[in-house]
Amino acid sequence: MNQWLIAPILIPLLGGILQVFMGYAPISLRRTLALATTVLLLVATIVLLLLANDGQYRLYAFGNWQPPFGIVLVLDRLAALMLVLTAVLALFCHLFSLGGYDEGNRQFHGLFLFQLMGLNIAFLTGDLFNLFVAFEVLLIASYGLLMHGGGTARTIPGLHYVVLNLVGSALFLISVGMIYSVTGTLNMADLALRIPDLQGADLELVKAGGLMLLVVFGLKAAVLPLSFWLPKAYARASAPVAALFAVMTKVGIYAILRVYLLVFGNHAGPLANLGMDWLFPLALVTLAMGVIGALGAQSLKTLVAWQVVISVGTLLAPIALGSNAGISAALFYLLSTTWTVGGLFLLSELVASQRGSAGDRIVTAPPMQNRTLLSVFFLVGAVAAAGLPPLSGFFSKVLILQSVTSGSEMAWLWGILLVGSFFTVIAYSRAGSIVFWRTVGGHIEDPPRLGGEVRAATGALVALSVIIVAFAGPINEYTDATAAQLQDRQGYVQILQTPMVQEDN
Amino acid sequence: MMIVALYLTIAMVTLAALLNVYRLIKGPNATDRVLALDTLYINAIALIILLSVTLGTRMYLEAALLIAVMGFVGTVAMAKYLKRGSVIE
Amino acid sequence: MHPVAEYAISALLLIGGAFTLVGAIGLARLPDFFSRLHGPTKATTLGVGAIMLSSVIYFSASGEGIGVSEILVTVFLFITAPVSANILAKAAMHIDVPPAEGTRGNPWDQ
Amino acid sequence: MSLPLVVMLPFLGAIAAPLFAQGGRTAIAIASSVPALIALAALYPQWQVLADGGVVLFHQPWLPALGLSLSFRLDGLSLLFALLILIIGLLIILYSRYYLKPKENIAKFYALLLCFKGAMLGIVMSSNLLLMLIFWELTSLVSFLLIGFWTHKQDARRGARMALAVTGGGGLALLAGILIIGNIVGSFELDDVLAAGDQIKAHAMYPVVLTLVLLGAFTKSAQFPFHFWLPHAMQAPTPVSAYLHSATMVKAGIFLMARLYPALAGTEQWFYMVSFTGMATLLLGAYTAMLKHDLKGLLAYSTVSHLGLITLLFGMGTKLAAVAAVFHVINHATFKASLFMAAGIIDHETGTRDMRRINGLWRYMPHTATLAMVAASSMAGVPLLNGFLSKEMFFAESLDLNLPGLWAWLPPIIATLAGIFSVAYSVRFVHDVFFNGKPVDLPVFPPHEPPRYMKIPVEILVFACVMVGIFPAISVGPLLFAAASATLGGDVPDYHLTFAHGLNLPLLMSFVAFFGGLLMYSQRQRFFDFHARFKEIDEKAVFEAAVARVTEAANRLTARLENGSLQRYAMLLVLSVIVIAAAPLANLGLFIGANGLTPVDAPTGIAVAVLIIAAIMTAVMHRERFYALVLLSVVGLIVALGFARFSAPDLAMTQLSVEVVTIVLLMLALYYMPSWTPIESSSGRRLRDLLIALVAGGGMTLITLAMLTRPFSSISDFFLANSKPEGGGTNVVNVILVDFRGFDTLGEITVLAIAALGIYAMLKNTALTPPPGDGQGHPWTRDTHPMMLRQIARPMLPLALMVSVYIFLRGHNLPGGGFIAGLVTSVALILQYVASGMDWTEDRIPFKYHNMIGLGLLFAVIAGAGSLAFSYPFLTSTFGHIHWPFVGEFELASAMIFDLGVYLTVIGATLLALVSIGRLSPHSAIKPGPEAN
Amino acid sequence: MELVFALAIGTLTASGVYLLLRARTFPVVVGLTLLSYGVNLFLFSTGRLATGAQPIIGSTESYTDPLPQALVLTAIVIGFAMTAFVVVLSLRSLADHDDDHVNGDQSSSEPDSAAPEKREGHDQ
Amino acid sequence: MLDRLTFPQPWLSLSLFLIWQFLSEGVSGGSVVLGLVLAWAIPQLTQGFWPERPSLLKWWRMPGYLVHVLRDIVVASFEVAALILSARRPRSAFVVYPLELTDPLAITVLAGTISLTPGTVTVDVSDDHKSLLIHALDAESDEEVIHSIRNRYERRLLEMFE
């Protein structure tokens with residue numbers, strides 16, 4: 001049993017515990033330790049990525065209990081991808097926060113690390129109820145982070161976010177209960193084995209449970225009509241938090257991928273591809289709504305928040321169609337959009353900090369300091385987000401378009417995706433030209449200097465879209481392999497046979 | 001004989017609980033409600049013990065102990081709230 | 001089980017049940033809050049005490065040792081009931097719960 | 001390798017050029033020229049291959065999944081365009097060196113120009129359609145930045161956005177078209193696509209493909225009705241107009257038609273769509289050019305018109321027409337670029353571009369005037385100049401179209417009409433600017449000749465016009481042949497390049513056009529008057545208004561949907577669940593399963609009845625908040641009893657403890673809140689909510705019923721069997737919590753810890769004013785800590801600690817455990833707070849809650865990590881029976897350390913949360929300042 | 001037995017959902033608590049109902065399914081943490097908006113853009 | 001460090017030790033050791049919560065008092081039960097009881113006794129700890145109530161505490 005698998009959970013946990021103790025330690029010490037934790041986490045996730053790249057499923061059984069009885073972590077390509085994605089994003093968000101955004105709350109670093117722990121559990125766990133626990137860990141930490149920093153604007157959106165997610169948690173429990181009450185197991189691999197044999201009323205109960213689970217994941221992923229909590233909550237969160245939240249909706253998408261491909265995948269007999277007929281139109285509507293929201297946005301952060309919604313729709317549409325190519329394309333897009341959106345959130349904050357009372361609102365203001373640097377960042381980020389060449393957004397979009405090749409789905413997806421791109425371009429060009437080009441007289445009183453950390457963090461995140469392009473080939477190979485692995489239910493189910501550590505060992 | 005006594009007692013305690021609920025809903029004052037709740041807690045202790053005796057197991061008796069503690073703290077906190085507003089100050 | 005134990009248990013159960021019920025009836029019937037306060041503080045407490053005692057006897061008689069929890073609960077109840085009554089009464093006086101008509105004397109609130 | 005190098009060089013240059021910014025404008029200009037020079041040098045050796053009809057290819061896979069490869073291709077067509085791009089690009093760099101004002105950011109300008117150059121070269125040299133598309137959109141993007149280069153000008157910003165919207169949107173259409181092509185052909189490689197022309201044309205999707213591809217081409221090449229962006233793009237600095245918007249980028253659409261000519265052309269759809277669009281553009285552009293008083297406006301519309309002409313030629317579908325089209329691309333690029341540069345010089349020297357003010361410049365800048373006049377003549381189609389040649393070919397082709405009946409007259413007439421306009425605006429350009437009296441009120445007076453080197457680019461281009469016009473066969477003959485051959489797929493018709501074909505019908509048409517144009521120019525005032533009757537449409541305003549309207553509508557729609565109402569969002573969530581779960585549940589049919597119902601005993605029935613009443617009353621009476629809390633307590637109590645009733649002692653105990661803490665918490669909060677909820681929802685809304693609630697509740701009832709009455713087997717037998725021998729405890733629930741599923745518990749206490757920390761952080765800077773008295777207006781009592789309570793509470797603490805230890809230690813075998821023990825301790829401490837106050841209690845508590853939380857988590861982790869040392873997985877527990885003298889045998893399990901962690905975390909978290917709220921109270925010692933952050 | 005149990009869960013859910021849809025934070029919190037009671041009971045009952053079959057080895061002949069009990073225990077704790085957080089959040093909202101409406105102060109509903117927040121030294 | 005090894009509240013420690021022996025199933029070596037540990041550790045942790053020593057001087061009289069009270073509770077409970085069940089309207093009264101006791105713990109014990117014995121409930125203790133407010137459920141006169149409490153309970157407590 002490979003002990004590396006526990007690293008992405010233990011590292012942030014221990015780092016977080018350390019932060020709890022150090023509430024009153026000097027801020028520089030806390031920062032150093034916290035950042036070191038994040039760096040260490042990144043290293044660990046990269047090791048896991050290399051491990052996972054051989055296409056094996058790796059099992060980690062807590063307490064050395066044979067699945068399905070104990071809780072297991074399962075490392076496969078998808079999990080490794082999500083881990084690295086998150087660790088990279090987190091590292092830069094964390095770096096950014098050191099530019100003074102971690103002040104005002106001694107628990108910021110602790111919450112941040114706990115959030116990462118929750119995310120990592122969610123990506124690794126192979127147990128449905130443990131997934132619930134992981135969701136709760138990451139949610140409660142995100143609630144705390146969301147409220148981080150001063151200001152009254154984020155209270156109400158935060159409240160909405162929390163209340164809706166609490167209802168979501170209740171729903172999660174109900175769904176898990178319904179599934180357990182029929183199958184008598186919680187391990188996902190075991191579920192995948194048992195579900196195809198269901199029939200009659202058992203089937204309908206599990207079906208209802210599975211669909212309710214889809215609502216839960218849809219809520220986390222912010223699928224219409226469950227996405228309205230998101231824009232204000234994200235737009236008003238402090239920048240590093242909002243940027244980190246770029247990955248939060250992806251957890252919902254990850255869960256859909258994991259649970260629905262494994263448990264309700266092609267092999268699930270009567271329950272095969274459960275809920276995907278719901279998901280596809282909803283994804284398209286979500287995409288359209290995201291575009292409309294982005295068009296109407298009146299501040300940069302709101303614009304980027306709606307971009308999150310757009311990416312959710314864009315991701316889920318091919319996933320709902322379920323082809324290998326579609327899933328691979330979606331994963332490619334996932335990588336690109338998460339980092340880009342994170343970078344754009346950070347950038348919006350920098351812009352806001354340089355524009356005095358105008359903040360990040362899309363209105364004219366006196367010329368800002370550091371305009372060239374910020375406008376280049378914005379340009380790169382916007383191009384990547386809107387899916388224009390030559391950045392990663394374009395490649396993923398083309399991959400998605402190519403993944404669907406016939407039928408009315410193609411017409412719908414192509415139409416909405418392309419028209420949506422068009423309006424997204426309009427939205428970004430409008431925002432960019434007003435914010436960066438249009439100026440009025442006057443000058444900003446003493447804007448804060450942009451420190452090296454914030455510049456580097458923002459720049460790095462937006463620049464990742466270039467890196468993705470440069471390595472598009474290998475990345476695409478990886479996502480292809482991931483998609484293939486995801487469809488291979490048999491491989492996953494094999495983990496149930498993994499031997500435990502023996503006494504004499 | 002013991003069984004009969006047991007059932008009779010259960011019936012009486014349940015009836016008592018119902019009367020408490022009646023008072024709790026009727027009020028008319030907040031203190032009446034808290035008093036009824038407090039009494040309901042005590043009835044619950046009785047019920048737990050009766051359950052233990054019925055089942056012949058002592059597994060539930062610690063729950064009775066907890067109800068006693070919790071009921072008391074709850075009542076005290078509620079009374080404090082009514083009088084003082086701030087429970088912990 | 002020894003018949004004496006059974007008798008004792010049954011009697012205690014019934015007494016306990018009866019007192020609990022009487023306390024509840026008092027709570028339901030008595031005219032004002034301060035009178036109702038009497039029901040739970042004693043009748044119910046005593047009733048539960050009796051039921052506890054029956055349980056202690058029951059489990060001792062069935063050879064499971066003396067139940068300390070029950071005794072602890074009883075003692076606890078006897079200690080706390082007056083305090084609950086006191087602090088509730090103070091609250092009642094504070095929020096001007098009226099005594100029943102014909103009550104002599106006045107509540108005072110400090 | 002040289003092909004990708006040619007494309008990459010400008011990009012590298014774009015990165016490198018700004019590094020020379022320190023060295024002054026000349027240095028950076030030279031640095032910026034280097035890539036083009038190297039590229040030209042690299043292309044030169046390939047010429048011989050092309051002249052022999054060969055093709056130079058480069059292929060490097062990039063993203064096979066996408067069909068995207070780094071394929072480049074050099075054939076006649078791409079060479080022609082590449083030369084245009086490189087040579088004119090060089091001239092533009094030289095020109096810009098003098099055009100831009102010293103304070104302007106020339107480094108950025110050159111960098112963008114070089115980017116553009118690279119992208120443009122990419123378009124023409126890509127041999128993979130997707131790769132081409134990437135460069136295609138890149139040109140739109142760079143063009144956006146270049147048009148908006150003068151960011152302070154509103155018109156420039158708007159023009160830039162409009163150009164981006166139109167060309168970027170067209171690019172998306174093109175993307176769709178290309179993807180479908182790739183789908184049909186199975187490859188995006190140009191060779192495959194061109195070879196599969198028949199297959200594409202026969203495919204059912206052909207009309208769609210054609211429409212999409214043409215949308216891309218037309219938007220880029222400013223064809224009607226997408227032409228409007230181009231004139232507004234003239235807000236760009238003039239070198240940009242000359243380079244992008246006359247010579248190169250707008251030709252990309254043309255190039256695309258040429259490139260895909262073998263694959264798409266030759267059908268009726270192609271003919272009608274392309275030729276009619278071209279015709280409309282030709283006329284409209286020519287007509288509008290005549291009306292413009294802005295020098296660059298005139299040139300812009302003239303460009304539109306000429307682009308229409310080329311499009312029309314491609315649309316005609318004959319091979320000769322295609323040759324003419326390619327030829328005109330060259331000619332137009334040369335004369336129009338020089339005209340733009342001349343216009344830029346005039347603008348530069350006079351400070352205006354209004355032809356009503358610029359007059360009689362001949363006297364001030366004869367050299368420039370001469371150059372401009374030659375170029376304008378070429379534009380008008382004067383013989384001996386290159387414009388004449390291609391126009392003649394155009395006239396000839398317009399006569400050759402085999403349209404039925406009277407329709408056959410249409411192309412020649414339109415061609416002639418366009419010729420008339422073309423002559424008219426050319427004359428206007430020459431006469432108005434250089435003659436026609438004296439300058440009127442120029443911002444810069446008197447104008448001078450520009451710097452010597454600024455004219456060189458113009459001179460070179462004008463020289464080219466003349467050379468081609470007189471010696472077409474020698475000067476461009478081979479290149480044109482190669483290009484035409486590449487366009488047509490090798491099948492080049494006979495044509496004869498010479499400056500005079502003798503007297504024929506096309507020549508007649510030229511005469512008509514020439515004199516008609518002069519006549520029209522002389523009557524221009526009437527023409528202006530006629531046009532003035534129509535309302536001028538400012539496309540930019542229309543576009544802006546459209547964007548504003550769309551934005552506004554989007555904003556309104558968003559605000560309507562995302563209205564900030566939690567009630568709405570929550571309702572949507574609940575409704576989603578109801579809708580999605582309805583169908584499978586409806587299929588369930590009979591809800592009572594195989595096991596049937598078991599009878600109810602009276603006490604349980606009554607308890608459930610009380611629970612139901614209490615729950616409903618809570619909902620009904622929620623306005624009286626304290627009452628609702630009391631009812632909530634009843635619900636919680638009965639739920640706990642229910643757990644006990646149905647064999648879950650641990651749950652009963654947990655529920656009881658948690659419930660009391662929750663109630664205390666709610667009361668702490670209620671202190672600051674209104675004690676009464678006002679009625680806000682209308683009765684209709686309440687009814688609706690009630691209905692939703694009933695459906696949700698009914699659904700849950702049915703699900704529960706269906707579930708409870710069904711037989712079931714689970715993995716739990718394993719737990720029951722292994723709890724004692726493997727886990728070392730008889731309380732299976734506890735063993736599951738600390739061992740089998742200890743990881744869940746670790747997560748759970750982490751949640752608790754995070755919640756407490758979050759609460760603490762959130763309340764740190766919060767200030768709340770408590771009400772002076774309760775809802776009925778009683779002021780709060782001064783008697784904060786009643787004596788009797790104090791006296792009783794104190795001995796409770798040691799007692800409770802003892803009970804906690806007891807519950808903790810037995811937890812592994814009997815109901816209890818760290819969690820319940822922790823809550824008992826917490827509640828005992830809470831009692832101290834309630835009885836004796838915050839300060840008194842805090843003074844006596846020897847530890848900080850933060851540290852306690854940390855310690856608890858640490859214990860749990862250490863307990864779990866111990867097994868790592870023995871290379872067992874995390875959380876592997878071990879236990880043993882240890883025998884000590886006197887003490888006797890006792891059991892020690894590592895899970896107990898884990899449980900100790902749970903115990904500590906629970907105490908720390910619970911108390912930290914409650915105390916944080918309590919600290920809000922103004923009576924407590926530390927009064928928080930107003931939002932100090 | 002199953003029917004009354006199901007009815008209890010249904011009632012708790014219905015009451016919870018109704019309160020969840022109210023406009024003030026306090027009823028919403030109470031509603032969430034009720035809902036979580038209902039959910040906990042539901043999850044508990046997935047192991048089916050059994051009397052006197054506590055899963056404590058040696059205390060009885062047959063044992064009920066212990067797993068749902070462990071899950072509910074986890075759920076109760078997590079639910080408590082979440083409730084505590086949301087209670088405090090509603091307090092914070094009360095402090096920030098002087099109103100306990102779930103949608104904030106309705107009268108001065110701000111535009112889409114973030115309200116100007118206080119940052120060190122460079123505001124306004 | 002050595003002073004930390006003392007038992008600051010020996011009575012408390014003793015009670016805890018004894019209770020622990022009850023709680024553990026049967027006295028054994030283990031329970032004695034653990035009991036000792038707890039009897040030491042818990043008072044160490046909680047001694048701050050006991051600002052003043054209890055002034056119970058003649059503690060050996062306590063059991064007698066308790067038996068006395070218990071008997072009163074049982075006897076009087078029947079009277080109250082009868083009262084509750086009868087149709088007669090009780091003659092309630094608020095009675096101010098002037099205290100002779102001064103020790104807070106003693107007053108608390110007295111107040112508790114009054115509340116537990118049927119017919120009377122201690123409603124309040126005056127701020128100066130000089131008098132109790134008692135609610136009598138069914139009392140002929142105030143004097144009778146005061147008299148009975150004084151004789152039956154307060155005297156005994158006075159003996160024990162002061």
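1. Residues 34–53 of chain B are 100% helix and 0% strand in this predicted model, with end C-alpha atoms 29 Å apart, where helices (H or I, at least four residues) and strands (E, at least two) are DSSP runs numbered from the N terminus. Residues 6–22 of chain B are likewise 100% helix and 0% strand, and their end C-alpha atoms lie 24 Å apart.

2. An unreviewed UniProt entry annotates residues 6–22, 34–53 and 59–82 of chain B as "transmembrane region"; such annotations may be inferred rather than shown by experiment.

3. Turning to chains A and D, their contact (heavy atoms within 4.5 Å) takes 119 residues from chain A and 102 residues from chain D. The area buried between them, meaning the accessible area (1.4 Å probe) lost on being put together and summed over both, is about 9900 Å², and carbon and sulfur atoms give 76% of this area. Trp65(A), Phe69(A) and Trp437(A) supply 9% of the area that chain A buries against chain D, more than any other three residues.

4. Two salt bridges are counted between chain A and chain D, the criterion being a side-chain nitrogen of Lys or Arg within 4 Å of a carboxyl oxygen of Asp or Glu. Asp127(A) forms a salt bridge with Arg741(D), and the closest N and O atoms are 2.6 Å apart. Helix α17 (residues 407–437) of chain A gives the most to the side of chain A that touches chain D, with twelve residues.

5. On conventions, local features need pLDDT of at least 70 and side-chain atom pairs count only at pLDDT 80 or more, whereas totals for chains, interfaces and linings use all residues. Residues are numbered from 1 along each chain as its sequence is written, chains are lettered from A and ligands numbered from 1 in the order in which they are written, and side-chain values use heavy atoms, with hydrogens and water left out.

Technical notes:
Buried area = accessible area lost by both parts, 1.4 Å probe.
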